Amino acid sequence: MIELTLRYNFGFSSLVGVYLATGPQYNWYLGSRNLKYAGESIGSLERSTFSWNVGAGVTLLSHLQVGVTYNIAMGETGKLGGVGDVIKEFDVKNNTWQVRLAYLF
């Protein structure tokens with residue numbers, strides 16, 4: 001994963017601060033790209049994906065950070081289909097939430 005994040009900090013005091021962050025993220029999928037159900041192929045995943053992150057968090061005591069980021073897929077993550085007449089082929093996007101906890105030395 002390669003992530004480039006622009007972040008702006010709001011310092012309310014030496015004890016508490018808030019930050020907003022945004023930026024692009026590029027991922028590579030390292031596992032099996034074939035999706036199977038009951039031994040039958042039902043789709044595949046892309047080798048890599050591009051997404052955009054938006055997030056916010058809190059800095060406490062200048063060392064502890066807690067934050068939340070939402071990752072928005074900018075293209076398809078994979079394709080599903082081929083399960084008889086039940087599912088027609090369609091594109092899949094994988095949007096995710098990330099929770100961050102960090103201690104800064």
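Aromatic rings and a buried glutamine

Guide: Tyr 103 and Phe 105 are both exposed, a word used for over 50% relative accessible area, with buried under 20% and partly exposed in between (1.4 Å probe, protein chains only). This is a predicted model, in which local features need pLDDT of at least 70 and side-chain atom pairs count only at pLDDT 80 or more, while totals for chains, interfaces and linings use all residues. Residues are numbered from 1 along each chain as its sequence is written, and side-chain values use heavy atoms, leaving out hydrogens and water.

Visitor: How many aromatic pairs are found in the whole structure?
Guide: The search finds four. Rings of Phe, Tyr and Trp (its six-membered ring) pair if their centres lie within 6.5 Å; planes under 30 degrees apart are stacked, over 60 edge-to-face, and the rest tilted.

Visitor: Why is the pair of Tyr 8 and Phe 10 edge-to-face?
Guide: The ring centres of Tyr 8 and Phe 10 are 4.8 Å apart and the planes stand at 75 degrees, so the pair is edge-to-face. Tyr 8 is exposed at 53% relative accessible area, whereas Phe 10 is partly exposed at 34%.

Visitor: New topic: is Gln 65 buried or exposed?
Guide: Gln 65 counts as buried because its relative accessibility is 12%.

Visitor: And what is Gln 65 in contact with?
Guide: Leaving aside neighbours within four places in sequence, the contacts of Gln 65 include Arg 7, Val 58 and Leu 104; contact means heavy atoms within 4.5 Å.
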